[in-house]
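Here is a short note to read alongside the model on your screen. Take the points in order, and find each residue as you go.

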2 protein chains.
Amino acid sequence: MSKPYVVGIDIGGTNTVFGIVDARGTVIASSSIKTRKHSNINDYIDELYTELTKLMEATETVDKIHGIGIGAPNANFFTGMIEDGVNLPWPTPIPLAAMMREKFGIPVAITNDANAAAIGEMTYGAARGLKDFIMITLGTGVGSGIVINGQVVYGHDGFAGELGHVISKRTNGRLCGCGRTGCLETYCSATGVARTAREFLEIRTEPSVLRNIPIDQITSKDVYDAAIAGDKIANEIFEYTGEILGEALADFTVFSAPEAFVLFGGLAKSGDLLMKPLRNSMEKNMLSIWKNKVKILPSELKEADAAVLGASALGWEAK
Amino acid sequence: MSKPYVVGIDIGGTNTVFGIVDARGTVIASSSIKTRKHSNINDYIDELYTELTKLMEATETVDKIHGIGIGAPNANFFTGMIEDGVNLPWPTPIPLAAMMREKFGIPVAITNDANAAAIGEMTYGAARGLKDFIMITLGTGVGSGIVINGQVVYGHDGFAGELGHVISKRTNGRLCGCGRTGCLETYCSATGVARTAREFLEIRTEPSVLRNIPIDQITSKDVYDAAIAGDKIANEIFEYTGEILGEALADFTVFSAPEAFVLFGGLAKSGDLLMKPLRNSMEKNMLSIWKNKVKILPSELKEADAAVLGASALGWEAK
């Protein structure tokens, strides 16, 4: 391979993390800049160019980069645009792929962060060798990347795979940032777990170590710590979360009959606290032909590298 | 094309319908046999061979058949088997594709009836030119065939696309034939409409022409006739059905972002009675990026030919 490296760039609301990755999935160098430092997108791209060039020179990979992959919110693989309705400091839509291609003179591909994670997991992680799986990212929200027959599903318009927005509760559902109520991500994200904690603590009277924290400051991490320490309510919060997520995974299975779900993000690292009720609920709700057949796998990408790795994997496909 | 015809075979619980189809989707000849006449599968295949050979001879298409496509319940495209748990008179699993290939000396492919319908619609019907759509068959049950990027989704094991079994009601849901409760098909199939009629008539006191029919004999056709004649309860039954189906289609959209849903089957011919509440509900429940963008199209395959056409379209892919 004459160009044996790719660049992965993860554009988050706060930081933009980027790195140079080899074909085995090793991040050989990485760095970051502040996403919000420049109110002009051209200045932002200039700084990214300067910093990435430094990294390439230090690693002697200038002219050895096959492509650049970018994971960004609302990024459309088909159009190469960051579309409207996103929390970034520049006017949208942004023709990011074209702008980056012009600046760097290298093929560029972009997609949203959950699809990038799915490609990363398929290329370097828990989904190596799987052709049909669904990546579920449990972060501030719930994201997803669906892989069918080895291909990420982009759908008609490039936005497929918004599984955080299936409706889990049709009556008295929680208000979602999308404007609707009852979305999966209002229950099964880190934010959702914190909301469940507030609800449970308000409705119930049992003691809980969570009551020592101001109720509007409780995080999913606090709930995790309390549950690990044996707190009853905290344990029930994880059971409730796992139950709802399990119902959703059973529903997703009838769609694409995946071999596995790959879970990524803070909550995915809760171990049996989440996994046990999740598996029980998924199997309880599963159509019989898929009972005890669909795996739930934790991500195998290191959290620190995952975003860059996921994005970089797309760099191999960039044109 | 040296072999410009295909054979389509639709194996139903009662009748097996088959026909010879040209490349433009014209059924040039068709016939049927009784599925349950032979308790031995070999005798059944022998009769099918005899009858199909007559058709081919009459139409001078012997040696001009590119392939045979078969739509059958629980038929697995990958394995060529009719799997367990199906209402047919022979022991399962049945290696049907291999048996037919041996008997006829022609390539054979099999899949379930809803996938066959999707391929038929893409090849000859309402989905010509669409690469991303979801076929929903509203019959005794609710079936589906999902097409992504021009390919039917078979999933890891060949059984993907059982959308009649997503859970529409998580509390007090109706018992489904699958053993679980609340499945979409318990509400939005012909049988589901009849169940809704029974529920509404028992709970409510208003007059309705449906009360002239013994309650356990009401069919979806009776409800349709009553609604067309202006019956209030009958109209509300269609509104209820459309509302639940619309919620489901909005959820399906976040999965694969289809350009259209194609509806097939008796209920799909109810016109505005179903379509109006269905569209309203789908749009009301739709994530904003897809609002007013996803079409709902009625099937363009003639009901009498649809099963044979759908199966036959698979014949072009048979190997």
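Helices and strands here are DSSP runs, numbered from the N terminus: helices are H or I runs of at least four residues, and strands are E runs of at least two. This is a predicted model, in which local features need pLDDT of at least 70 and side-chain atom pairs count only at pLDDT 80 or more, while totals for chains, interfaces and linings use all residues. Residues are numbered from 1 along each chain as its sequence is written, chains are lettered from A and ligands numbered from 1 in the order in which they are written, and side-chain values use heavy atoms, with hydrogens and water left out.

1. Start with B:Thr241, which lies in helix H7 of chain B. Is B:Thr241 buried or exposed? With 1% relative accessibility, B:Thr241 counts as buried. (Buried means under 20% relative accessible area, exposed over 50%, and partly exposed in between, with a 1.4 Å probe and protein chains only.) A polar atom of the B:Thr241 side chain lies 2.7 Å from the backbone oxygen of B:Ile237. If we leave aside neighbours within four places in sequence, B:Thr241 is in contact with B:Tyr187, B:Cys188, B:Val193 and B:Leu274; contact means heavy atoms within 4.5 Å.

2. Next, go to helix H9 of chain B, where you will find B:Ser312. The relative accessible area of B:Ser312 is 0%, so B:Ser312 is buried. Again leaving aside neighbours within four places in sequence, the contacts of B:Ser312 include B:Val6, B:Val7, B:Gly8 and B:Tyr124.

3. B:Trp316 lies in the segment after helix H9 (303-315) of chain B. B:Trp316 counts as partly exposed because its relative accessibility is 22%. From B:Trp316 to B:Pro207 there are 109 residues in sequence and 53 Å in space, C-alpha to C-alpha.

4. Now look at how the chains meet. How many residues does the contact take from chain B and from chain A? The contact takes 35 residues from chain B and 35 residues from chain A. Between them, about 3,000 Å² is buried, and carbon and sulfur atoms give 61% of that area. (Buried area is the accessible area, with a 1.4 Å probe, that two parts lose on being put together, summed over both.) B:His156, B:Arg170 and B:Phe255 supply 25% of the area that chain B buries against chain A, more than any other three residues.

5. Which elements of chain B supply at least two residues each of the side that touches chain A? Strand S7 (142-148) and helix H7 (232-256) each do. The largest share of that side, 6 residues, comes from H7(B).

6. Finally, check some backbone details. Most residues other than glycine have a negative phi, and most peptide bonds are trans. A cis peptide bond joins B:Thr92 and B:Pro93, with omega about -5°, and B:Pro93 lies in the loop between strand S4 (65-71) and helix H2 (96-104) of chain B. In chain A, the peptide bond from A:Thr92 to A:Pro93 is cis, with omega near -5°. B:Asn172 is not a glycine, yet its phi is positive, about 55°. B:Asn172 sits in the loop between strand S8 (151-152) and helix H4 (185-188) of chain B, and B:Asn172 is exposed, with a relative accessible area of 79%.

Definitions and conventions. Polar contact = N/O pair within 3.5 Å; in protein donor to acceptor, adjacent residues only side chain to side chain.
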